[in-house]
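Subject: The two-chain model, over to you

Hi,

Here is the structure I promised to pass on. Have a look around first, then read my notes below.

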Number of protein chains: 2
Amino acid sequence: MKTLLLATRNEGKKMELQEMLNDIGISVINLHDIPPLPEVVEDGKTFKENAEKKAYETAKATGYWCLADDSGLVVDALNGQPGIYSARFAGPEASDENNNHKLLDLMKGIDESKRTARFVCCMALSTPEGETLVVEDYCEGIILRQPVGEQGFGYDPLFMPQGYNQSMAQLSRQEKNLISHRGKALNRMKPIIISKMSE
Amino acid sequence: MKTLLLATRNEGKKMELQEMLNDIGISVINLHDIPPLPEVVEDGKTFKENAEKKAYETAKATGYWCLADDSGLVVDALNGQPGIYSARFAGPEASDENNNHKLLDLMKGIDESKRTARFVCCMALSTPEGETLVVEDYCEGIILRQPVGEQGFGYDPLFMPQGYNQSMAQLSRQEKNLISHRGKALNRMKPIIISKMSE
């Protein structure tokens with residue numbers, strides 16, 4: 001069935017037109033039927049709280065199955081910073097470059113052995129009805145002394161995964177997905193998506 | 001294919017997740033893929049200009065096939081008022097009742113023979129690419145001295161179609177659709193919808 005959008009919020013017009021178009025197999029929607037985009041405020045205190053909130057509110061508002069992740073970099077020498085503030089470490093409108101720069105500054109005097117860190121990914125799946133399921137996974141590594149590599153995004157150029165001698169930003173997407181926090185969290189989530197979405 | 005909405009505008013995350021979910025037949029979209037709702041300003045000088053603008057801008061913004069109508073009541077004794085201002089005759093936030101009240105006030109001293117009017121409907125169909133087709137039709141009648149009937153909307157309670165002794169608001173939806181400006185315009189548009197949307 002093909003969908004025709006009426007450029008109106010008038011429900012009277014929608015009813016009239018749907019009745020007149022039923023016989024030619026056209027489904028009529030109006031502007032009320034296009035889901036509004038929620039502006040979710042990420043004010044949780046943990047990755048889990050933020051992921052759950054984003055998935056739940058977006059699914060509720062739009063009627064879609066919704067997957068949200070909240071992820072970030074946890075640096076031991078910085079007592080867990082930037083953590084849930086990873087995307088806005090250098091300020092609310094910070095670019096990846098700004099954030100990387102701030103991290104390098106803070107890590108200046110810190111020894112090799114104390115540069116341990118992990119990427120954390122918490123992933124939440126919400127049904128349109130609001131049922132929410134959460135998984136979490138990690139990727140251990142160390143913080144480099146300068147950005148390396150052009151792939152990926154975020155702190156990838158400053159992060160060398162355990163057992164590698166390349167930064168996360170030097171790995172191909174396929175390589176990264178195998179070992180990254182998000183790849184591993186998604187692998188946990190996949191069987192849940194398969195079983196829930198085929199219910 | 002089932003659709004999973006990612007609660008993010010991050011295109012990097014979308015690419016990563018789509019790649020990892022390809023094998024289980026899930027299509028990933030993110031918040032950028034939910035169409036924004038355009039706020040179309042109805043500043044045309046004719047029904048046709050407004051209908052074309054609404055259909056074109058809404059189709060362009062959303063990617064849907066889009067049908068818009070601009071319709072209104074043209075009263076001879078009022079030099080064509082309310083015309084394209086029918087929905088906002090009594091002010092920008094006017095209700096149907098406010099508008100009907102204003103119309104009755106203006107028509108107070110006017111004789112039976114001079115109460116002729118017509119509903120006009122201009123209907124525009126726009127493809128997502130922006131091709132726009134327009135049809136127009138009318139329903140002749142007279143303006144009553146008080147509202148009658150509970151069906152329909154807008155000026156229907158004050159409008160008696162030619163050849164009827166009931167107001168438009170006393171007709172069933174089926175009866176109204178047969179003779180109304182919008183019903184007749186849609187009958188002109190239907191073959192266009194059928195041929196265009198099956199191309």
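Which residue of β1(B) is the bridge partner of A:W65? The answer is B:L4. Before the rest, a bit of housekeeping. This is a predicted model, in which local features need pLDDT of at least 70 and side-chain atom pairs count only at pLDDT 80 or more, while totals for chains, interfaces and linings use all residues. Residues are numbered from 1 along each chain as its sequence is written, chains are lettered from A and ligands numbered from 1 in the order in which they are written, and side-chain values use heavy atoms, with hydrogens and water left out.

Back to the strands. (Helices, H or I of at least four residues, and strands, E of at least two, are DSSP runs numbered from the N terminus; two strands pair if DSSP finds at least two bridges between them.) That A:W65 bridge links β1(B) to strand β3 (residues 65-75) of chain A, and the two strands pair in the parallel sense over three bridges.

Now the interface. In contact (heavy atoms within 4.5 Å) are 50 residues of chain B and 50 residues of chain A. Together they bury about 4600 Å², 66% of it on carbon and sulfur atoms; buried area is the accessible area (1.4 Å probe) that two parts lose on being put together, summed over both.

There are four salt bridges between the chains, each a side-chain nitrogen of Lys or Arg within 4 Å of a carboxyl oxygen of Asp or Glu. One of them joins A:D23 and B:K190, at 3.1 Å from N to O. On the chain B side, α1(B) gives the largest share of the residues that touch chain A, eight of them. That side divides into 27 nonpolar, ten polar and 13 charged residues. (Ala, Val, Leu, Ile, Met, Phe, Trp, Tyr, Cys and Pro count as nonpolar, Asp, Glu, Lys and Arg as charged, and the others, Gly among them, as polar.)

Finally, confidence: pLDDT is the predictor's confidence in each residue, from 0 to 100. Chain A has a mean of 91, with 99% of its residues at 70 or more. The model scores ipTM 0.72 and pTM 0.63.

Cheers
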